[in-house]
Structures are given as structure tokens and as C-alpha cells.
Amino acid sequence: MTADFNDTNPKDAVGIRKPPMSTVPSIVMAEVGVGMMEGARKYGRHNYRIAGIRASVYRDAAQRHLDYWWEGENIDPDSGLSHVTKAICSLVVLRDAMINNKCIDDRPPSVDVKAHREMLQKLVNEIFERHPTSVDAYVKGDNELADESAAIRAINQTL
């Protein structure tokens, strides 16, 4: 027996080459299930497969949930679920609609993203060269006095 499959069971050799559901954390899948159930109760289960969706609506919803979470609101007050879980649910609906040709692609006209990202990466590299060390980040839990002292030190370093 190897780490990849059990050579006494022919199913193992086939099974390891299929999409691995065991790589997705079941606790996250359970949360997504609750989030999707909430949507099903509000709008009808799998309504997006019949009615279709606009990509922008679900992109916006996912981004709002991520922004609320990023700014410190962990739980969506409407559902009681994590904002991250709600963002995942929005992306699940978006992706399912895309796969099933039920997504209206209302993204803006395409731009040359690759060239712009390359230019931005060049700027980032230059910033790292000019500032090889970084002032520590201010993170959740820092107290106000420590923040003020660090801010004063950072200002003095730039003078």
C-alpha cells in the first residue's frame, strides 16, 4: 500500500483520480448549507437555476459581506451566520448559475488587466526596495495607547 492508494482495492486507484470532496472542510460545508437554506426559504430553493441571476448582484453581495467582515463585523445580523459564510453562499449561487448558463454577465467591458497588474507589481517592488523594513501593522486588539505610541514612532521614523 502506498500513500496514494490501497493496491488491494481497485476502487482506490480510480477513486483518487476523482474530484476529492474530502478536501473541503465539512464544518464549512455545513455553514454553507445553512446559508443556502436561508436563501431557499426566502426566495425558493434553486430559484437561480430557473430565474437566472445577474453576476453583478452576487458579486456585490459577496463583496459587501467580505467588507463587513474585514471591518470587524463577524456575524451577519440578518442570518446569524459569519459574513464570510454569506460571501461563500453568494459565490456558490454565482458559480452554479454560470455553470448552468443562467448567469447574465453584466460585468463592465474588459480592460487590459494583465498590463495594469504588471505595472502595479513594479510599483510594489519599488516600494519594497525603498522601504525594506515595515512598521508593524495595527491589528485588532491593539490598545489605543500602544497605537498612539506606535503612530508617533512611525511619524518620527519618516522625519
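**Labels and the values behind them**

Modeller: Let's start with Met29, which has its place in helix H2. Helices are DSSP runs of H or I with at least four residues, strands are runs of E with at least two, and both are numbered from the N terminus. This is a predicted model, in which local features need pLDDT of at least 70 and side-chain atom pairs count only at pLDDT 80 or more, while totals for chains, interfaces and linings use all residues. Residues are numbered from 1 along each chain as its sequence is written, and side-chain values use heavy atoms, with hydrogens and water left out.

Biologist: Why is Met29 called partly exposed?

Modeller: The label is for whatever falls between buried (under 20% relative accessible area) and exposed (over 50%), with a 1.4 Å probe and protein chains only. Met29 has 42%, so it is partly exposed. Its C-alpha atom is separated by 9.9 Å from that of Ile88, 59 residues apart along the chain.

Biologist: What makes Ile27, Val28, Ile88 and Val92 a nonpolar patch?

Modeller: A patch takes residues with over 30% relative accessible area and no salt bridge; nonpolar side chains (Val, Leu, Ile, Met, Phe, Trp, Tyr) are joined within 5 Å, and like charges within 9 Å. Together these four residues have about 290 Å² of accessible area, by the Shrake-Rupley method. Helix H2 (26–43) and helix H5 (83–99) are the elements that give two or more residues to the patch. Val28, for one, is found in helix H2, and its 31% relative accessible area is why it counts as partly exposed.

Biologist: How do you know that Asp96 and Arg49 form a salt bridge?

Modeller: The test is a side-chain nitrogen of Lys or Arg within 4 Å of a carboxyl oxygen of Asp or Glu. For Asp96 and Arg49, the closest N and O atoms are 2.8 Å apart, and the pair is a salt bridge. Asp96 lies in helix H5 and Arg49 in helix H3, so the bridge ties together parts 47 residues apart in sequence.

Biologist: How many salt bridges does the structure hold?

Modeller: The structure holds 5. Another of them joins Arg54 and Asp106, with the closest N and O atoms 3.7 Å apart. Arg54 is in strand E1 (residues 53–54) and Asp106 in the loop between strand E2 (103–104) and helix H6 (113–130), so this pair links parts 52 residues apart in sequence. Arg54 is partly exposed at 46%, and Asp106 is partly exposed at 30%.

Biologist: What about Arg107 and Asp105?

Modeller: Their side chains meet in a salt bridge at 2.7 Å, N to O. Arg107 has a relative accessible area of 62%, so it is exposed. Asp105, at 46%, counts as partly exposed.

Biologist: What makes something a pocket?

Modeller: On a 1 Å grid over the protein atoms alone, a pocket is an open set of points with protein on both sides within 12 Å along at least five of seven lines, and lining residues have an atom within 4 Å of a point; a cavity, by contrast, is a set where a 1.4 Å probe fits but cannot get out. The largest pocket here has a volume of about 660 Å³. Its lining has 27 residues, with Gly39, Tyr43, Tyr58, Lys86 and Ser90 nearest the centre. H2 gives the most to that lining, 7 residues.

Biologist: Which classes of residue make up the lining of the largest pocket?

Modeller: That lining divides into 11 nonpolar, 8 polar and 8 charged residues. Here Ala, Val, Leu, Ile, Met, Phe, Trp, Tyr, Cys and Pro count as nonpolar, Asp, Glu, Lys and Arg as charged, and the others, Gly among them, as polar.

Biologist: How much space lies in the second largest pocket?

Modeller: About 290 Å³. Its lining includes Arg59, Asp60, Asp105, Asp106 and Arg107, and by class it has 5 nonpolar, 1 polar and 5 charged residues. H4 supplies the largest share, 4 residues.

Notes: Areas by Shrake-Rupley, 256 points an atom, 1.4 Å probe, with all protein chains shown as cover. Points joined across faces, edges and corners; volume = space filled by probe spheres on them.
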